[in-house]
Amino acid sequence: MEQTGEYRIAASRERVWTALNDPVVLGRCIEGCQSLERVADDRFDAAIKARVGPVSALFNAELTLADVDAPSAYTLHAQVKGGAAGFARGQARVELEDAGPETLLRYAVQANVGGKLAQVGSRLIDAAARKLADDFFAAFGRELGGVVSAAAAPVPSPAPGAAAPPRVYEPSAQWKIWLAVFIALVVALVLAL
Amino acid sequence: MTQTAQIRSETGAGGHGIGASVLRKEDLRFITGAGRYTDDIDLPGQAYAVFLRSPFARARIERIDTDDARAMPGVIAVLTGRDMADDGLGDLPCGWLVKQKDGRDMVAAPHPPLAHTQVNYVGEPYGVVIAATLYDARQAAEAVEVDFTELDPVVDPAHARHSEDIHAGVLGNLAYDWELGDRAATEAALATAAHVTRIELVNNRLIPNAMEPRAAVGAYDPGTGEHTLYTTSQNPHLERLVLSAFVGVAPEHRLRVIAPDVGGGFGSKIFVYPEETAVIWAARKVGRPVKWTAERSESFLADAHGRDHVTHAELGVDADGRFVALKVETTANLGAYLSLFGSSVPTYLYGTLLAGQYRTPNIHVEVHGVYTNTAPVDAYRGAGRPEATYVVERIVETAARELGIDPAELRRRNMIRPDEFPYQTPVALQYDTGNYQASLERALELIDYAGFPARRAAAAARGLRRGIGFSCYIEACGLAPSKLAISLGAGVGLYESGEIRVNPTGSVTVFTGTHSHGQGHETTFAQIVADRFGIGLDDVEVVHGDTGRVEFGLGTYGSRSLSVGGSAISVAADKVIAKGKLIAAHMLETVPGTIEFADGRFGQPGSNQSLSFGEVAFAAYVPANYPDGLEPGLSEKAFYDPANFTFPAGTHIAEVEVDPETGVVEVVAFVAVDDFGRVINPMIVHGQVQGGLAQGIGQALLERCVYDEFGQLRTGSMMDYCLPRADDLPDFTIDTTVTPCTHNPLGAKGCGEAGAIGSPAAIMNAVTDAIGTNDLAMPATPEKVWRALAR
């Protein structure tokens, strides 16, 4: 699947930034995230418990950072294994931009799913991923006490070739925003089962 | 004449013999929940199997860690492909060795029942968890850890020859390059033809979807050494033969295969699959009966799929509208492995049918059979013949449009005439009999062809586009004779067995090597025997589907049951009557040659002394007044090997209305006039035609199996794979014409597949007629039709 989205967050970029760097906030926004462990400078392992009706499964995600353009853009690569539920892998490019008093967040995700996710969920994934990404940002917006609104129309995917040259990764907590965004999308994919 | 009207009149004629629409004997148990299917079999101490299936289309298995799984509650064993290989089990064979055009044998890649080094399609099993409960087995399957190294999959058959080799030693993923017919003569005739019609066709890949998913229960008796396998098979004896002779699970005489009630097969249950192989192997290994029933998702992934051809065809026509040559080149997707009959479907069951009903003098067909990282492809209702009919009837219809000749007239002009039989086609077959004009004319009458322009105009006034499409199909049923088929590569004979045991009280038990999984054998075969012996239908029991009860058989496929299996029963009945005459002659104190048997009585013409069938049967078992030297008992069997195929043929005409605003196609009328030779039970035949039409129309309008570029099955459930429902189908107008088969005792040809063979081309010809463009591939979904209209 390919999906792009745009959210306008009714808070200054500084406030957004601070909130996104607060693990407590993120934990509340990413439902089912059981652990988030940094295993290398550019690699993280996450365990997400996802439940749909009576079915619950533990999905293990390996996330790798790339093309870091701190603090405005980032790419996350992910491999997610859900056992019998199937697997997903893909990448998300996320960009933040000042928009007057507000902050504009754009993402473009490309993911391939396999196993049961592909066999029985493919028709549902786009809509479900969209809804769950919306849910994540709605929760996030509430954390900020502000409003999050999805952009009116989907925006075209950014050209991958246009990405800035990779820069040296600077250890900081800033990765969390990108991770949060991608995990939300991964959760969305997984829940699309 | 509508179907219901005809059934009523035939039922009204009374009787239960040949030609009567007797209600099906088996239906009472089916509709009252008393059917006994494989999943209904529960054996004491039974454990449950859950298969480990590849999530990848192509990957190397680096390591399988079963430790955690084995430690889980209820787990009895976790067995892998390596364990199976270590036990010395052989590969699953392909039963038909196709010779390539250069004389070499086809290249059959090894097909281990459980993969142990590499997985080659999503859903391929590489292990099995056996546990005390299904829940335990499922939980433990989750705990098996596998390291796969993914490899680039080959998904698109059109590019398979230029992709990485899936199997070591299979260059260019080519299982075979096969040809039939005279290439030079065909090309020469095309070069000088007044007109050449060219067409590109895709025969969409289908998933069979029998109502009952596959299942197996295996048991091993350490006392006797007997293995018993209950499984959803269309041919239990073949299953036993393959499992014993090729896979080596158990010796043939220590393996009993029982296929009890089976809820539909459509070909998909002919083949010997990994799962039942593993179940019977595991039952012995763990010392408990083992049961597996497929989930619907597993059926989608791992039942053999059908069709999947890409074809280019050229038809040369002379200035008088006569076909001079047909040249066909097809790439057939065989899937990741050659399934049991996968090699024969796109070759001997396809290329040989390309003459259709026509006198085309030059035909050449070339088929590239390729491997891909998709589920194996094998016979599915029609098996090769729907694909052939689709090529012939789509290109003939297209030629008619290009030449401005009425499509019925173009067909009429080229049809083999009734006085030309037996007719030798340029593609190996010799048609024994037929009257293609009769079914065409009857179909034209039933559809009211003359009234079509008015109906089209009326539809246009309603804003709809109405189209009409023809399909004059031929098929070859009852694959035969054995000697010829074996010389062409078949690994088994193609005869059938029939045995009639007359019990001392005069009731009769009939044993057939064919198998009923919806066809109604218990009724049709009982009608034949009751008719021959002049006894009641309820006095006849038909036994099938158990290697422990039926001597041998080759099962049910290719619409063979009646023409081959029924003929064997008929021959056995002859033998019973012949022996009965000897007994009766002795009892009536006359010479054997003077006895005649009619209406259930043995007697001499002109004499009022006669004996009933029951009296003679009783005498055979209580031989007091009995001929010297004659064995007691009245039980006879026959192995019937047909002299030739049978050739059912007919005309299907579809009328559709297309809504140009939405692209929705409605089938508003469908006429099927089929020549099945002599019909035993018209009601059952009509049911078979209806079912076949539903599947053919499903292929044309709704069904399509899709793998994505990574080899993931995207149509893995009923949500994405669209099966026809009642409201997708019209009220069919079904009729028959009869030219009896010339070479079997029943004159029957076979009816099980005709509906699925003829209808896709009729529907697509009608849809393309309605929308005015030929650029449309099956299934003609609303989106595709709408886009074609917009082009």
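Strand β5 (residues 73-81) and strand β6 (residues 87-99) of chain A run antiparallel and are joined by 9 bridges, where strands (E, at least two residues) and helices (H or I, at least four) are DSSP runs numbered from the N terminus, and two strands pair if DSSP finds at least two bridges between them. The model is predicted, so that local features need pLDDT of at least 70 and side-chain atom pairs count only at pLDDT 80 or more, while totals for chains, interfaces and linings use all residues. Residues are numbered from 1 along each chain as its sequence is written, and chains are lettered from A and ligands numbered from 1 in the order in which they are written.

Chain A as a whole holds 4 helices and 8 strands, which follow one another along the sequence as β-α-α-β-β-β-β-β-β-α-β-α. Of its 193 residues, 41% count as buried, a residue being buried if 20 or more other C-beta atoms lie within 10 Å of its own, exposed if 12 or fewer, and partly exposed in between, with C-beta atoms placed from the backbone. Among the contacts in chain A with a separation of 6 or more, 64% come from residues 24 or more positions apart; two residues are in contact if their C-beta atoms, placed from the backbone, lie within 7 Å.

Chain A meets chain B through 13 residues, which are in contact with 15 residues of chain B. On the chain A side, β7 (102-114) and α3 (116-143) each supply at least two residues, and α3(A) gives the most, with 6 residues. By class, this side of chain A has 4 nonpolar, 7 polar and 2 charged residues, where Ala, Val, Leu, Ile, Met, Phe, Trp, Tyr, Cys and Pro count as nonpolar, Asp, Glu, Lys and Arg as charged, and the others, Gly among them, as polar.

Chain B is divided into domain 1 (47-168), domain 2 (432-478 + 646-791) and domain 3 (495-640), with bounds that come from an automatic or database domain assignment. The centres of domain 1 and domain 2 of chain B, taken over C-alpha atoms, are separated by 38 Å, and their contact takes 6 residues from domain 1 of chain B and 6 residues from domain 2 of chain B. The side of domain 1 of chain B in that contact has 5 nonpolar, no polar and 1 charged residues.

Chain B also contains an open sheet of 5 strands with mixed pairing, in the order β7-β15-β14-β13-β8. Its edge strands, each pairing on one side only, are β7 (174-181) and β8 (195-203) of chain B, and the twist averages 10° from one strand to the next. Strand β8(B) runs antiparallel to β13 (residues 309-317) of chain B and is joined to β13(B) by 9 bridges; here B:His195 stands opposite B:Val317. Helix α6 (residues 183-191) of chain B packs on the sheet, touching β7, β8, β13, β14 (323-335) and β15 (362-371) of chain B, and its direction makes about 125° with that of β14(B); axes are lines fitted to C-alpha atoms, for helices over the stretch in contact, and angles run from 0 to 180 degrees between N-to-C directions.

Helix α16 (residues 561-587) and helix α17 (residues 613-621) of chain B pack at an angle of about 90°, with their axes 10 Å apart, which makes α16(B) roughly perpendicular to α17(B), a term covering angles of 65 to 115 degrees. The contact is made by B:Gly580, B:Ile583, B:Ala584 and B:Met587 of α16(B) together with B:Val616, B:Ala619 and B:Ala620 of α17(B), and by class has 6 nonpolar, 1 polar and no charged residues.

| Residue | C-beta neighbours within 10 Å |
|---|---|
| B:Ile474 | 28, buried |

B:Ile474 lies in strand β18 (residues 465-474) of chain B, and B:Ala649, 175 residues away in sequence, is 4.2 Å from B:Ile474, C-alpha to C-alpha. Not counting residues up to four places away in sequence, B:Ile474 touches B:Leu353, B:Gly356, B:Gln357, B:Phe647 and B:Ala649. B:Glu212 has its place in the loop between β8 and β9 (215-221) of chain B, and its C-alpha atom is separated by 7.1 Å from that of B:Val262, 50 residues apart along the chain. Leaving aside neighbours within four places in sequence, B:Glu212 is in contact with B:Tyr37, B:Thr232, B:Val262, B:Gly263 and B:Gly264.

Note on methods. Angles under 35 degrees count as roughly parallel, over 145 as roughly antiparallel, 65 to 115 as roughly perpendicular and the rest as oblique.
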